[in-house]
Amino acid sequence: MEATTLTDRNLAQQERNRKVRRVLLGILVANWVVASAKLIFGMLSQSAAVTADGLHSFIDGGSNVLGLVAMGVASRPADEDHPYGHGKFEALASLGIGAMIGVGMLELGRMALDSVLNDKHPQVTGTMAAVMAFTLVVNMVVTRVERYYGRKYKSSLLLADASHTMSDVYVTLAVLASLLLVWLGYPRADGLIALAVMVFVAWVAYGIVRQAVGILSDTARLDPDEVKRHTLAVPGVRSCHDVRSRGMEESVYVDLKIEVDPQLTTAQAHEVADRVERTLQGAYPQVVDVVVHVEPDRAALDMPA
């Protein structure tokens, strides 16, 4: 019975990963369409700002490729070398996305300083503004779609990539604002706005890296006191302690120790442990495995005969 349940969970996880990969593939196409439009127009108009924004969009596409590769690995079932599965490769990919945002932030900072110190700014045209507005709309739709599916599939990778795409939205908004201000006669506004966007991009990168590090460092996923409360409600459990949890948002592993009546047989104690496992998996749908260590009630053992 347990083997069937585990197989069903593995199949469900693989199906979820396939759906995440399909979303990433669609987002990859959208990102590179946007990037190509910015790059082609940026080079034709000799606009450094638009060309740089196009390069930033290509970083979005690169993160999608990274995500597709990572999900291909993460979707593999558990094996001898990875008995807990390959899910953490998804968190590793999130770290890679954070690094890519950092690279984009450095380039943005270089451009901003160059604009402020050397008074470099793009030549504004109506067509340039229209292209940037179009790519802005596409990126906003992409972000909403990716965030929706990230929450639906509880995918840290999709949510991280949605944040990355949102950083591209803010970069595009900054470019549009700078184009307007340059057109109005404030050429150094291009660099100043870019510096403000750089601070935002840095904050996005920090959030992504923090989430991924939490997964990779086995940060507790469940409230121990709440787990104890559910466990102590199970008939036969006299005490619960040493509750630990780890894993990803959608696949949490729990282990804990319980104390039972010392007079119970091995089969009876095992049945209590099984009830604890069923109770916790019912209370927390994201829990994929519960290890229950059964001990005799110490207080009962210490009582005089």
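Welcome to this structure, which is a predicted model. Helix α7 covers residues 224-232 and helix α8 covers residues 266-283; their axes come within 9 Å and cross at roughly 130°. Because of that angle, α7 is oblique to α8.

Which residues of α7 and α8 make the contact? From α7 come Val227, His230 and Thr231, while α8 brings Val276, Thr279, Leu280 and Ala283. By type, the residues of this contact divide into four nonpolar, three polar and no charged.

**A residue in a strand**

Next, have a look at Asp255, which is found in strand β2, residues 251-260. Is Asp255 buried or exposed? Its relative accessible area is 19%, so Asp255 is buried, the cut-off being under 20%. Setting aside neighbours within four places in sequence, Asp255 is in contact with Asp242, Val243, Arg244, Val291 and His293.

**Annotated spans**

The unreviewed UniProt entry carries the annotation "transmembrane region" for residues 23-43, 87-106, 126-145, 166-186 and 192-209. Two of these spans, among those listed in the record, are described in the table.

| Span | Helix | Strand | Distance between end C-alpha atoms |
|---|---|---|---|
| Residues 126-145 | 100% helix | 0% strand | 29 Å |
| Residues 166-186 | 86% helix | 0% strand | 26 Å |

To find these spans in the model, begin with residues 126-145, where the chain is 100% helix, and then move on to residues 166-186, where the chain is 86% helix.

Key: Residues numbered from 1 in each chain as written. Predicted model: local features only at pLDDT ≥ 70, side-chain atom pairs only at ≥ 80, totals over all residues. Heavy atoms only, no water. Axes fitted to C-alpha atoms, helices over the stretch in contact; angles between N-to-C directions. Helix = DSSP H or I, 4+ residues; strand = E, 2+ residues; numbered from the N terminus. Parallel < 35°, antiparallel > 145°, perpendicular 65-115°, else oblique. Contact = heavy atoms within 4.5 Å. Nonpolar A, V, L, I, M, F, W, Y, C, P; charged D, E, K, R; others polar. Buried < 20%, exposed > 50% of the residue type's maximum accessible area, 1.4 Å probe, protein only. UniProt positions renumbered as here; feature names shortened; annotations may be inferred.
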